[in-house]
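Here is a short report for a reader meeting this structure for the first time. Please keep the sequence and the 3D view at hand while reading.

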Amino acid sequence: MMEIKRKMGIAHFARRIKQPRGIWVKMAFIVVLGLCFVFFWSFLSSYASSFNVQRESFDDIAEPVSSRTKPARNEVTESSKSHEKSKVESGSKSKEAKHVGGGSVHKHETKKKKEHVVVSHPPHKKKDFPKPVVVVEEEEAVVKEVQEQVEAETEESESNKEDGEEGTESDNNEGEYDGNGDESNASADEEVEEKKEEVEISKKRKRKGPVFDPKAEYSWRLCNTRSKHNYMPCIDNDGLIGRLQSYRHRERSCPKKPVMCLVPLPHDGYDPPVPWPESKSKILYKNVAHPKLAAYIKKHNWVNEYGEYLTFPQNKSAFSGNVLQYLEFIQEMVPDIEWGKNVRIMLDIGCSESSFVAALLDKDVLTVSLGLKDDLVDLAQVALERGFPTFVSALANRRLPFPSGVFDIIHCSACRVHWHSHGGRLLLEMNRILRPNGYFILSSNNEKIEDDEAMTALTASICWNILAHKTEEASEMGVRIYQKPESNDIYELRRRKNPPLCKENENPDAAWYVPMKTCLYEIPSAIEQHGAEWPEEWPKRLETYPEWLTSKEKAVGDTDHWKAMVNKSYLTGLGIDWLHIRNVMDMTAIYGGFAASLVNQSVWVMNVVPVHSPDTLPFIYERGLIGIYHDWCEPFGTYPRSYDLLHADHLFSRLKNRCKQPASIVVEMDRLTRPGGWVVVRDKVEILEPLEEILRSLHWEIRMTYAQDKEGMLCAQKTLWRP
């Protein structure tokens with residue numbers, strides 16, 4: 001009966017269609033079907049996109065090449081000496097002689113070359129800044145060399161990327177400090193296959209043309225994220241689904257689309273930070289204000305709220321006793337730890353005690369503080385505001401972005417890390433980045449017996465020698481000092497080869513999106529391998545070039561070049577008040593020459609070696625400086641408003657359109673820089689002109705532009721403007 005009614009209904013509908021008005025019924029029926037399809041498709045698309053918060057492609061990741069296995073790869077195709085000899089050109093706004101931002105325009109001409117310099121003086125300064133000092137004769141001879149170098153380096157790095165092994169991304173179900181959640185081999189293999197496909201696709205769709213779209217117009221908005229003014233894009237969990245989950249990702253996980261929004265200022269505004277060295281003892285509270293920080297202050301006496309400031313009494317610390325007594329106690333137990341001489345570079349796990357870092361600075365020890373991503377009190381931001389080197393990262397399944405064997409000491413004081421869990425992979429990661437014969441210091445209160453026994457068994461299995469185990473009376477903290485072996489002989493004496501030695505073809509310096517390994521890397525023994533010998537004492541190591549460095553002449557030239565440029569131009573000719581500069585980043589470090597030239601200034605420099613560039617980071621550490629690997633197609637692992645000055649030497653021309661949205665790098669520079677902070681960019685004129693327009697759209701003050709031939713420099717200062 002139902003079948004008969006259905007057929008009658010269809011026949012009736014067909015007769016109505018044949019009628020004159022049937023065409024309208026047809027059209028209405030088609031429109032309804034179309035609307036239903038569009039609604040259903042948009043619902044599925046939005047639902048699926050809410051789950052995808054990780055990066056879309058890994059084709060642009062090339063792992064750093066170990067200087068142990070292939071020393072020649074440490075060479076940079078041309079010395080950064082040629083870089084620095086690049087000149088600086090004004091953007092379209094400054095092509096003609098006119099006033100810019102209230103400043104005056106200056107033109108200088110020589111018989112051989114024509115140069116164009118525009119200097120804009122800050123309105124708050126009564127007297128003019130000194131005119132830029134430009135070393136024209138030195139720079140003229142290398143303009144073509146710079147262009148060839150940039151192209152050669154890019155071609156080499158692209159070749160390295162195709163030949164090298166790429167790091168695989170870990171699962172998102174990874175643990176906190178104990179590295180909870182092992183990766184599955186099946187999913188890792190699938191990831192590798194997907195990445196291979198994505199590499200082929202990216203090669204086919206590679207864009208050509210300028211880095212920045214010269215016709216683009218930018219309209220800015222504030223980021224609407226849960227972390228608000230403290231937004232860290234690859235660390236904070238701000239996806240649609242993520243907002244219902246944990247506050248931060250278990251591992252580094254960047255948004256699918258490039259971040260093109262601006263991080264707002266703190267709720268109560270932002271004032272210029274307290275200058276160094278006064279910032280060691282006090283900082284402005286409102287610049288780092290955080291609800292959980294207020295609760296933390298009430299429970300700890302090493303930080304106090306005093307009016308509009310947070311103060312840090314010298315005689316108080318997270319240790320029950322004086323921090324200086326703690327340092328003396330360590331050196332008494334192990335006299336070979338000569339602070340500031342034999343020991344220069346330290347990694348401090350956690351940021352619970354930045355006064356410890358301050359005390360080490362007075363002893364010429366440069367400490368990199370690892371702010372663990374579960375530090376919801378944001379103590380890492382407090383450390384940065386005080387002027388201490390700090391970055392933020394997870395410590396779970398992936399390697400830290402450092403090469404192998406570079407830290408003289410690793411320190412962990414009540415950092416709540418379960419070193420012995422999951423096969424001891426976290427401690428094995430410390431073993432990877434610790435220098436042979438280096439020290440691991442573990443301080444804690446009220447250790448559990450089972451944790452103590454597990455740690456003892458683990459350190460014995462990797463042949464760490466325990467030099468001392470005592471309780472410091474003033475702080476009542478148990479202090480253990482371990483030492484990594486200096487040769488491979490002791491590994492062969494182990495009864496149980498667990499953990500096993502890593503395979504010979506595995507690169508110990510590979511660190512970008514590479515999972516931690518539960519194996520021991522062999523200790524370098526050949527003179528052409530970095531880490532085979534302990535560096536010279538500080539400060540002699542700054543000017544020492546080890547035998548394994550195959551490009552000594554270029555490294556020496558790079559150091560001499562930057563020393564001349566900084567002294568003759570940067571310190572006096574850009575209008576930068578260096579008394580208010582403390583936190584500096586070199587976004588494209590090569591041999592660390594720029595950082596070495598500033599060693600006598602009251603600054604510290606984070607040397608960033610891009611993952612697509614030749615791996616020179618081991619040498620930067622060898623000379624007593626600090627640095628990190630990074631891919632500038634992604635946001636950096638730190639808080640907003642972390643740096644006073646960013647230096648980018650041919651960063652954009654080296655990227656060669658690797659990034660989906662190059663303008664997002666400028667947005668990231670805006671996020672990293674404090675209001676009143678500076679950026680100095682040296683690059684090709686065809687890049688600097690649109691870059692200047694982007695900075696103007698962000699309401700940055702263009703303080704100086706300089707151009708000669710096809711090379712130029714741009715110096716700009718960030719303002720308080722937010723959309």
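Arg-386 lies over the face of Phe-312, at 3.8 Å from the ring centre. A charge sits over a ring if NZ of Lys or CZ of Arg is within 6 Å of the ring centre and within 35 degrees of the ring normal.

The model is predicted: local features need pLDDT of at least 70, side-chain atom pairs count only at pLDDT 80 or more, and totals for chains, interfaces and linings use all residues. Residues are numbered from 1 along each chain as its sequence is written, and side-chain values use heavy atoms, with hydrogens and water left out.

**Aromatic pairs**

The structure holds 22 aromatic pairs. Rings of Phe, Tyr and Trp (its six-membered ring) pair if their centres lie within 6.5 Å; planes under 30 degrees apart count as stacked, over 60 as edge-to-face and the rest as tilted. Two of the pairs are set out here.

| Pair | Centre to centre | Angle between planes | Type |
|---|---|---|---|
| Trp-512 and Tyr-513 | 5.2 Å | 85 degrees | edge-to-face |
| Tyr-545 and Phe-619 | 5.8 Å | 25 degrees | stacked |

The pair of Tyr-545 and Phe-619 links distant parts of the chain, 74 residues apart. Tyr-545 is in the loop between helix H13 (489-492) and helix H14 (552-570), while Phe-619 is in helix H16 (residues 617-622). Helices (H or I, at least four residues) and strands (E, at least two) are DSSP runs, numbered from the N terminus.

Buried means under 20% relative accessible area, exposed over 50%, partly exposed in between (1.4 Å probe, protein chains only). Trp-512 is buried too, at 5%, and so is Tyr-513, at 4%.

**Phe-407 and the cores**

Ring pairs also join Phe-391, Phe-402, Phe-407 and Tyr-621 into a cluster. Phe-407 has a place in the largest nonpolar core as well, which counts 137 residues. A nonpolar core is a set of buried Ala, Val, Leu, Ile, Met, Phe, Trp, Tyr and Cys residues joined through side-chain atoms within 4.5 Å. Leu-347, Ile-349, Phe-407, Trp-419, Phe-440 and Phe-652 touch the most other members. Helix H18 (residues 663-672) gives the most to this core, with 6 residues. A second, separate core has 21 residues, including Val-334 and Ala-468.

Beyond its neighbours within four places in sequence, Phe-407 has contacts that include Leu-347, Val-368, Phe-402 and Tyr-621. Contact means heavy atoms within 4.5 Å.

**Strand S17**

Strand S17 (residues 673-684) has 11 of its 12 residues buried, so the rest of the structure largely encloses it. Strand S16 (residues 643-649) runs parallel to S17, joined by 6 bridges. Two strands pair if DSSP finds at least two bridges between them. Leu-645 has Trp-678 in S17 as its bridge partner. S17 also pairs with strand S19 (residues 711-717), in the antiparallel sense over 7 bridges. There, Val-681 stands opposite Leu-714.

**Asn-230**

Where does Asn-230 lie? Its place is in the loop between helix H6 (185-204) and strand S3 (282-284). Asn-230 is buried, at 3% relative accessible area. Leaving aside neighbours within four places in sequence, its contacts include His-290, Asp-378 and Tyr-639.
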